[in-house]
Amino acid sequence: MKTFTATTPEGTVSYVDAKRWLWAGALLYPLFPFTGIGLHALTGNEWWFLLPFVLSYGAVPLLDWLIGEDQSNPPEAVVPQLEEDRYYRYLTWATVPIHFATLIGCAWWAATQDISALGVVALAVTAGLASGLGINTGHELGHKKSQIERMLARVVLAVPAYGHFAVEHNRGHHRYVATADDPASSRMGESIYRFALREIPGGVVRAWQSERERLTRKGKSVWSTENEILQSYAITAVLQVSLLVVFGWVMVPFLLLHNFFAWWQLTSANYVEHYGLKRERLDNGRYERCQPYHSWNSNHVFSNLLLFHLERHSDHHAHPTRRYQSLRNFAHLPSLPNGYYGMFGLAFFPSLFFRVMDRRLLSLKHIDGDLSKVNIDPAHEARIMARYGDRDEARAVAA
């Protein structure tokens, strides 16, 4: 194991990342659809196509619960060395071609094997699940300052046809997160299904507005080759049109389903990451600076290893350029009861999700039952106020 050492006024500090080699699991996870394909080849049973879906929404939450959380942090004195260690960034770079390989492999199997329409649907859903991880890779790469990583973000986002994400996320979501102005921040009482209808088109519109403004300031047309959204969409067009030409019309429903379920992974993440949390508007009209308590955090070990520490979201929003291996846990953060996949599954059932999360939301130290400090869905405000409007009763419910 590699040891990072730094000298401080208090003495020498040493740190060993116990998860150093385990981070490579994030490279294997996008390849999971090939396990279903392999088992289908051996048995002829098309149900095996759904194995990665079952593992993600069943086994991963179970392992998160069994293994538990890691609340340790790397010492700040060694963080500069940790962030300069290229091993960690090479892992994110290496996932980029893996996402292309997985989509092409799934498309090839769907088009060349004698499988039913439901089998094609199952394989498309599984491929979309894997490509949703590509958005996560694009998220990590897109926040970095190096040109190669920002370029790789646009490349990998082309796989699920979500090339606008890096623009929208960096310039829109991070600016307006946990406010009523952010389509990517969910509100108390808002189901994931209602949220998706607001978040998916809202992100596209805001990304194009932002890129148009950037290019206009440079005296360029929005249709310029410098448009970062179009650069990614061009790769998408080449990739997905090529699959259609090579494998035929079966690719039309296959790719539509694949793209949608990849997008759904991001929507699910956005839904749980800021549910009900609210930044206050200051007297000057601006919002208060984003703090760690404006994001829901999770330290669950297993899913964080698969997602490049995405679930340490509180530190990420407070310090967006910090690399995944350096993200920290803080005391008294809004904390999810399970990792992301467990929360995604819970969100499918809104009443259960609200029962779990509304109590956690109201019990947060900085909210303490005060609904004025909560981002509430206007459509459900009357119901929420009737139930939790009395602060003492809200505290009692949250206890």
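Predicted model: local features only at pLDDT ≥ 70, side-chain atom pairs only at ≥ 80, totals over all residues.
Me: Which residues make up the nonpolar surface patch?
Reply: Leu62, Leu63, Trp65, Leu66 and Ile67 make that patch, at about 530 Å². A patch takes residues with over 30% relative accessible area and no salt bridge, joining nonpolar side chains (Val, Leu, Ile, Met, Phe, Trp, Tyr) within 5 Å and like charges within 9 Å. The accessible areas come from the Shrake-Rupley method with a 1.4 Å probe, and for residues only the protein chains shown count as cover.

Me: OK, back to Leu66. Buried or exposed?
Reply: Leu66 counts as exposed because its relative accessibility is 53%. The cut-offs are under 20% relative accessible area for buried, over 50% for exposed and partly exposed in between, with a 1.4 Å probe and protein chains only.

Me: And where does Leu66 lie?
Reply: Leu66 lies in helix H3, residues 51–67. Helices here are DSSP runs (H or I, at least four residues), as are strands (E, at least two), numbered from the N terminus.

Me: Switching topic: how many salt bridges does the count come to?
Reply: The count is 20 salt bridges, each one a side-chain nitrogen of Lys or Arg within 4 Å of a carboxyl oxygen of Asp or Glu. Side chains of opposite charge can pair when their charged atoms come close.

Me: Which residue forms a salt bridge with Arg154?
Reply: Glu228 does, and the closest N and O atoms are 3.9 Å apart. That pair links distant parts of the chain, 74 residues apart, with Arg154 in helix H7 (residues 147–157) and Glu228 in helix H10 (residues 228–247). Both Arg154 and Glu228 are buried.

Me: What about Arg214 and Glu211, how are they separated?
Reply: By about one helical turn, because Arg214 and Glu211 are three residues apart in helix H9. Their side chains meet in a salt bridge, 2.7 Å from N to O, and both Arg214 and Glu211 are buried.

Me: What about Asp315, which side chain does it meet?
Reply: Asp315 meets the side chain of Arg322 in a salt bridge of 3.5 Å, N to O. Asp315 counts as buried because its relative accessibility is 0%, and Arg322 is buried too, with a relative accessible area of 12%.

Me: Now the pockets. Which residues line the largest pocket?
Reply: Arg171, Gly172, Arg175, Tyr176, Arg206, Gln209, Ser210, Glu213, Arg214 and Arg217 do. The volume is about 180 Å³. On a 1 Å grid over the protein atoms alone, a pocket is an open set of points with protein on both sides within 12 Å along at least five of seven lines, a cavity is a set where a 1.4 Å probe fits but cannot get out, and lining residues have an atom within 4 Å of a point. Grid points are joined across faces, edges and corners, and a volume is the space filled by probe spheres set on the points.

Me: Which helix gives the largest share of that lining?
Reply: H9, with six residues. Helix H8 (165–176) and helix H9 (192–217) each supply at least two.

Me: What's that lining like by class?
Reply: One nonpolar, three polar and six charged residues. Ala, Val, Leu, Ile, Met, Phe, Trp, Tyr, Cys and Pro count as nonpolar, Asp, Glu, Lys and Arg as charged, and the others, Gly among them, as polar.

Me: How much space lies in the largest cavity?
Reply: About 200 Å³. Of the 18 residues lining that cavity, Asn136, Gln265, Leu266, Ala269 and Leu310 are the closest to its centre. The lining has 10 nonpolar, seven polar and one charged residues.

Me: Last one: what is the phi of His309?
Reply: Near 60 degrees, a positive value in a residue other than glycine. His309 lies in the loop between helix H12 (301–306) and helix H13 (313–318).

Terms used:
Residues numbered from 1 in each chain as written. Heavy atoms only, no water.
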